[in-house]
2 protein chains.
Amino acid sequence: MIEPDAAAAWRSAAVEATSDGDAIELVELFFFAYRDFVGDADRLLEKYGFGRAHHRVIHFVNRRPGLTIAALLDILRITKQSLNRVLKQLLEAGFVEARAGVVDRRQRLLYLTPQGAKLARDLAALQSARFLKVMDELPPAARGAASEFLFAMIDSDERERVRAHLACAKSAGGAP
Amino acid sequence: MIEPDAAAAWRSAAVEATSDGDAIELVELFFFAYRDFVGDADRLLEKYGFGRAHHRVIHFVNRRPGLTIAALLDILRITKQSLNRVLKQLLEAGFVEARAGVVDRRQRLLYLTPQGAKLARDLAALQSARFLKVMDELPPAARGAASEFLFAMIDSDERERVRAHLACAKSAGGAP
DNA sequence: TATTTACGTCAACTATATTGACATAAATCT
DNA sequence: AGATTTATGTCAATATAGTTGACGTAAATA
């Protein structure tokens with residue numbers, strides 16, 4: 001076999017150097033990959049009458065219980081008015097709850113209710129499943145490269161913040 | 001040095017197997033990476049009064065000159081009414097032109113005008129630049145893995161179509 | 001006490017998508 | 001040739017997710 005499959009062909013072509021044409025292909029692959037990636041969750045959210053905006057709130061509150069409004073706005077990069085609309089819906093529907101901050105009572109610390117936690121688990125399971133399947137399909141040597149690649153795609157002046165977010169979420173999610 | 005950087009640490013952790021927790025990290029990295037990736041183009045489009053929807057049309061018409069409306073709808077997965085709004089703007093602003101199909105005169109074959117082609121080049125340059133920089137930062141062995149990873153992230157029943165699209169665009173873009 | 005901070009809210013607007021109905025011209029089937 | 005299907009355009013109403021700007025309130029802080 002001269003060309004086992006197209007993915008392998010791209011790979012071998014890109015090992016030495018990456019041309020401008022290859023980069024455009026990556027642009028398109030990224031577009032299609034993200035489209036399908038969010039599609040999984042969209043179908044589940046529809047059953048609850050929620051959209052992607054609700055998903056993002058549920059996701060990040062799940063990852064960092066006790067998140068403040070300001071911190072969430074900083075992650076999502078939207079205005080408080082825009083967040084407030086979806087957050088209000090999630091609060092009223094009983095998926096998220098807000099407790100007054102203990103150190104600073106102006107802050108509203110966000111937590112998922114059991115119902116919200118279940119939806120978060122279901123959504124995470126869908127999206128994790130895609131990644132786990134992908135990692136299974138990929139040769140072992142390429143697996144770590146995926147996260148390195150995604151991390152490198154983030155604005156360099158944002159990486160430290162993302163790294164801190166991941167580390168914080170890891171400790172928050174891990175210990176009881 | 002025990003831990004040169006966080007990306008390498010994730011890599012070594014993921015080489016053997018990918019856990020559920022790792023997958024959630026990938027979900028977040030994908031979110032942040034896509035957010036920053038589209039941000040580049042957004043800032044340029046703003047100067048023209050265009051949005052992401054216009055970008056997608058310009059991108060795919062540039063990649064496949066002579067694309068029909070139906071083919072574009074199939075790629076973008078939106079309704080004709082939604083496409084029509086942005087397409088009309090692009091036609092009126094002189095970035096895209098439509099010629100009647102030669103074999104089937106009902107079809108409107110889409111092409112970029114010189115002005116549209118310039119914007120397409122500028123947008124592509126921005127997004128390619130990010131990928132080229134990323135590929136430069138990544139160890140050579142990880143470069144091909146990026147496209148393999150993105151391709152694997154696409155719905156399996158869609159991959160053939162995407163592969164065909166890339167092959168077609170490659171030949172269309174290459175020859176004069 | 002004065003000011004700043006964290007957050008909520010009302011209002012108007014934009015961009016992008018949807019569904020549904022209907023129109024037209026060209027291709028194709030019978 | 002007439003009937004039907006196909007490719008596309010268009011009008012209208014609606015939904016979601018975002019924006020800017022202005023104003024309010026309670027709590028922390030200078």
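Me: Which helix of chain B holds both B:Arg161 and B:Glu158?
Reply: In this predicted model, the two residues sit three positions apart, about one turn of the helix. Their side chains form a salt bridge, with the closest N and O atoms 3.4 Å apart. The helix in question covers residues 156-174 of chain B, and that's H8.

Me: Which residues are linked with B:Glu158 and B:Arg161 in a network of salt bridges?
Reply: Side chains of opposite charge can pair when their charged atoms come close. Here the network takes in residues of chain A as well as chain B. Besides B:Glu158 and B:Arg161, its members are A:Arg35, A:Asp36, B:Asp74 and B:Arg77.

Me: How many salt bridges does a search of the whole structure find?
Reply: One of them joins the side chains of B:Arg35 and B:Asp36, at 3.4 Å from N to O. Another joins B:Asp42 and B:Arg52. Over all chains, the search comes to 34.

Me: What is the relative accessibility of B:Asp36?
Reply: B:Asp36 meets B:Arg35 in a salt bridge. B:Arg35 is buried, with a relative accessible area of 16%. B:Asp36 counts as buried too, because its relative accessibility is 2%.

Me: Which helices does the salt bridge between B:Asp42 and B:Arg52 link?
Reply: The side chains meet at 2.8 Å, N to O. That pair links distant parts of the chain, with the residues 10 apart. B:Asp42 belongs to the helix spanning residues 20-46 and B:Arg52 to the one spanning 52-63, so we're talking about H2 and H3 of chain B.

Me: Are B:Asp42 and B:Arg52 buried, partly exposed or exposed?
Reply: B:Asp42 has 22% relative accessibility, and B:Arg52 has 41%. Buried would need under 20% and exposed over 50%. So B:Asp42 and B:Arg52 both count as partly exposed.

Me: How far apart are the C-alpha atoms of B:Ala98 and B:Leu110?
Reply: B:Ala98 is found in strand S1, residues 96-100 of chain B, and at 29% relative accessibility it's partly exposed. Leaving aside neighbours within four places in sequence, its contacts are B:Leu91, B:Arg108, B:Leu109 and B:Leu110. B:Leu110 is 12 residues away along the chain, yet the C-alpha separation is 4.6 Å.

Conventions: Residues are numbered from 1 along each chain as its sequence is written. Chains are lettered from A and ligands numbered from 1 in the order in which they are written. This is a predicted model: local features need pLDDT of at least 70, side-chain atom pairs count only at pLDDT 80 or more; totals for chains, interfaces and linings use all residues. Side-chain values use heavy atoms; hydrogens and water are left out. Helices (H or I, at least four residues) and strands (E, at least two) are DSSP runs, numbered from the N terminus. Buried means under 20% relative accessible area, exposed over 50%, partly exposed in between (1.4 Å probe, protein chains only). Contact means heavy atoms within 4.5 Å. A salt bridge is a side-chain nitrogen of Lys or Arg within 4 Å of a carboxyl oxygen of Asp or Glu.
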